[in-house]
Amino acid sequence: QTVKQRLHKAIVSRHIEVHFQPIIHLQSGVVSHCEALARWTDEELGEVSPEEFIPVAENYGLMPELGYCVAEKAIKTMAQLNARTAAPIGVAINRSPQEFVNRDVEPLVNIAKTYNFPAELVNIELTESLMVKKPEKARVQLRQLQSHGFGIAMDDFGTGYSSLAYLRKFPFHVLKIDREFIADICERGEDYNLVKTIIEMARNFKLHTVAEGVETKEQMLLLRSMGCDYGQGFYFSRPLRADALVDYVMSSA
Ligand code: G
Ligand code: G
Ligand code: MN
Ligand code: NA
């Protein structure tokens with residue numbers, strides 16, 4: 001069996017797991033959202049990284065099904081979690097360009113309805129490549145997502161084309177600053193200035209900012225003082241299985 005066949009089987013039989021990485025509001029320390037991250041463990045191949053299997057899914061047209069499976073499991077888990085928390089926590093779901101091309105937003109709307117999960121608590125994360133390759137598809141779908149109340153996040157900001165025109169033309173709510181700019185923020189003045197500029201620019205566009213790859217307390221404190229809204233990274237937590245996420249949220253509340 002090829003990797004593609006194995007992956008297809010895993011998707012159809014719903015053996016793709018979802019892990020969750022908390023996104024923290026820096027001023028309050030409260031868990032705001034959790035990013036859903038696909039995980040695949042194959043009997044023979046062992047654990048396969050999403051860096052490897054997401055491209056396979058994209059090349060063979062499996063991404064819409066994989067995305068649906070992840071979204072369904074993620075929203076179900078978060079709905080169960082929110083039944084136990086005082087304040088509801090949102091979920092961030094990655095959506096690949098292929099899902100924008102081959103699917104409309106209907107399935108996502110239905111999942112949210114099924115679990116009685118407010119669309120306002122779902123942020124759809126997308127990368128800049130989508131706007132470059134499929135600007136018209138992107139525009140139509142982002143408007144649809146927006147009209148249903150979903151939030152829209154620009155993922156990995158700064159690593160792709162980063163045209164400011166996209167921020168102006170598309171209805172984003174959140175800007176995620178790529179971890180490559182965060183890694184040396186305490187040591188390198190250039191990186192500090194760059195991130196500071198991104199945060200100020202985001203504020204002009206009325207976007208919330210999330211710093212990715214926060215690994216130390218010093219980075220967290222610095223980002224908070226710079227006016228960054230949210231942080232995500234190993235300093236707070238690695239991506240967690242659903243049961244570990246419940247423990248994390250309950251003990252940090
Ligand atoms: O989970 P990890 O941090 O290893 O993720 C590696 C990459 O795979 C990240 O860029 C992440 O956005 C992507 N990824 C993880 N899960 C999904 C998913 O469900 N859909 C899409 N499109 N990308 C995902
Ligand atoms: O592209 P995206 O932002 O969706 O990717 C999320 C990926 O980033 C996941 O693979 C996750 O494991 C990884 N990640 C999350 N937090 C950290 C961190 O603090 N440091 C590093 N190096 N990687 C991280
Ligand atoms: Mn992401
Ligand atoms: Na990212």
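Strand E2 (31–42), helix H2 (50–59) and helix H3 (63–82) each put at least two residues into the shell around ligand 1, with helices (H or I, at least four residues) and strands (E, at least two) taken as DSSP runs numbered from the N terminus. This is a predicted model, where local features need pLDDT of at least 70, side-chain atom pairs count only at pLDDT 80 or more, and totals for chains, interfaces and linings use all residues. Residues are numbered from 1 along each chain as its sequence is written, while chains are lettered from A and ligands numbered from 1 in the order in which they are written.

H2 gives the largest share of the ligand 1 shell, three residues. Residues surrounding ligand 1 (C-beta atom, placed from the backbone, within 6 Å) include Leu 37, Ala 38, Ser 49, Pro 50, Glu 51 and Ile 54; Gly 67, Val 70, Asn 94, Ser 96 and Pro 239 are also among them. By class, that makes six nonpolar, four polar and one charged. Here Ala, Val, Leu, Ile, Met, Phe, Trp, Tyr, Cys and Pro count as nonpolar, Asp, Glu, Lys and Arg as charged, and the others, Gly among them, as polar.

Around ligand 2 sit 13 residues, the closest being Asp 156, Gly 213, Glu 215, Gly 233 and Phe 234. Its shell splits into four nonpolar, four polar and five charged residues.

H2 also meets helix H1: Val 3, Lys 4 and Leu 7 in H1 touch Phe 53, Val 56 and Ala 57 in H2 (C-beta atoms, placed from the backbone, within 7 Å). This contact has five nonpolar, no polar and one charged residues.

Terms used
Two residues are in contact if their C-beta atoms, placed from the backbone, lie within 7 Å.
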